[in-house]
Amino acid sequence: MLHLIPAPSGPVQLCSGVCALPKTILVDMGGFAPWCLEALEARLHRAVRPAQAGERPWLRLVRDETLPAEGYRFRAEKDGVTVSAAAELGVVWALTTLAELAEAPEGLAPCEIEDAPRYGHRGLSLDCSRHFFPAEEVKKIIEQLARVKMNVLHWHLVDDQGWRIESHRFPLLHETSGAYYTQEQIREIVEFARVRGVEIIPEIDLPGHTTALLAAYPQYSCAGKPVELRQHGGIFDMILCAGKDETFAFLEELLGEICPLFPSPRFHIGGDEAPKTEWKKCPHCKARMESLGLTDYEDLQGWFTNRVTDILKKYGKRAICWNDTLEAKDPDTGNQVQFWTTQHEKPVPAFIRRGGEVIASNFTTLYFDYPHALSSLRKVYGYRPVIMRHNYADHPRLVGIEACVWCEQIATPEHLEEMLFPRLYAAAEIAWREAGTYADFEARVAVKTAQATAQGVNCTPKAGWNPRGSARRQAGAKFIARLMDPAGDRTPCTDADREMVAPMFHMFAKNFFKPTDIPELLQNDDLVCAVKNIMQKFMQKPE
């Protein structure tokens, strides 16, 4: 049995015996670029180099342009390995398979594998704004992504709690936030990822989640008043002003500096959770609305998004946005949309019908900051990209699947890894191929987590993969209470409070709990109080 994750999508033939690795692996490159070998050499802890004239190669690379761009054929025999691929990425994934098989308990067994991914986008969104993680930890996560053939790191570098990119043109951005990645570190991480087949897509959220930007340069908000970095998660009213021309001049210069750091043709500009409170009071935004003939502030955000998209096009980038941005009229189908929330689900099918491309990241399953009690390993493996009750798994406009980990409540590398692994393996498999049986997958996860642990990764123990009973309910309740009320404003709860929040608890049950959980959840005062507070906030009449 091959313990590969993801399991190959095509035929597999196993043979008897063992394929022994030489101390130095000589390679017939077959016209492929030498960088394809870098990750293999690091993983096998032995020299891997192109064969010179007169030397007999143990590894042969063969170009076969009939294969998909990321597809490969792999044949291991007693005297060596042959890999066929159409492009360097296919070679990278084949050599990833070689490394994984070589580390298996039984060693590299002679076999033949034909393999190719189901989706072209297989990603993880990593939040390094809310809590900062050192460059070496980012590399460690990238290495683990690549080992399970995930090919995108969506790097969330900017939010209300911190700006993490060094800027020479606007140094107050990183100086105000403190911890940040130097431009040299970013280039190093991007190159580390590239030779492992991983594309790094940066995200600068616009126009909301910009407190860190405005703490440095408050003149680009509507009011222009000083603001401070946020110390906890949430959605905050202070966002970039859509009415000031200088906002876009600033963004054009800023993006002109940042875009060259990331060779990816894509650039994420967020667009989620942007309250219009300040825009509605702003004379600049009102004047902009009037000049454009707009009556809906969602359409003003749509115009803002289009302005930023046009700036990115000048720098050779395609925008990705969260699905909140589809609330505007006629969103640009040249942008890719990342579907995360059912709150803004209704416009997604129309966007797809118009030719738009979508990345599936439904928060109810693929948000890995949520504890295993809410998104268990089994639940992640069973995920299907359903939008408005329709399964888009085989739709040509669904370009892939991306898990997300938001770090408001994750402060250390050890906790980060515990939340990611092994659930990331489930996301990797369903992005590469259709899911098989859960029992088979779990058996392979047991082997994979043992390997990852030996590599220094802090994986969740098996007992925590699929929590049950009261422990599941209370862990889920604790997380949701902190998510909904991160400031921790607690007041005594009454029976009337429990009655008020009960309908919200029934809504939770649809995605995270069971109807039979509700009586116990209603006795959790922290959760009841958090839900009560947020309900009262949204029931307040706008000014």
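A helix axis here is a line fitted to C-alpha atoms over the stretch in contact, and angles between axes run from 0 to 180 degrees between N-to-C directions. Keep that in mind for the helix pair below. The model is predicted.

Start with the whole protein. Its secondary structure comes to 20 helices and 18 strands. Along the principal axes, the C-alpha trace spans about 80 × 55 × 45 Å.

Next, an annotated segment. An unreviewed UniProt entry lists residues 37–116 as "domain: Beta-hexosaminidase bacterial type N-terminal". In the model, this span is 28% helix and 32% strand. The C-alpha atoms at its ends lie 19 Å apart.

Now turn to a pair of helices. Two packed helices are described by the angle and the distance between their axes. Helix α3 covers residues 135–147, and helix α5 covers residues 183–194. Their axes come within 10 Å and cross at roughly 15°. Angles under 35 degrees count as roughly parallel. Helices α3 and α5 are therefore roughly parallel to each other. The crossing of α3 past α5 is right-handed.

Which residues make the contact? From α3 come Ala135, Glu136, Val138, Lys139, Ile142 and Glu143. From α5 come Gln185, Glu188, Ile189, Phe192 and Ala193. Sorted by class, the contact of α3 with α5 has 6 nonpolar, 1 polar and 4 charged residues.

Methods
Residues are numbered from 1 along each chain as its sequence is written. This is a predicted model: local features need pLDDT of at least 70, side-chain atom pairs count only at pLDDT 80 or more; totals for chains, interfaces and linings use all residues. Side-chain values use heavy atoms; hydrogens and water are left out. Helices (H or I, at least four residues) and strands (E, at least two) are DSSP runs, numbered from the N terminus. Angles under 35 degrees count as roughly parallel, over 145 as roughly antiparallel, 65 to 115 as roughly perpendicular and the rest as oblique. A crossing is left-handed if the near helix is turned anticlockwise from the far one by less than a right angle, and right-handed if clockwise. Contact means heavy atoms within 4.5 Å. Ala, Val, Leu, Ile, Met, Phe, Trp, Tyr, Cys and Pro count as nonpolar, Asp, Glu, Lys and Arg as charged, and the others, Gly among them, as polar. UniProt positions are given in the numbering used here, feature names are shortened, and annotations may be inferred rather than shown by experiment.
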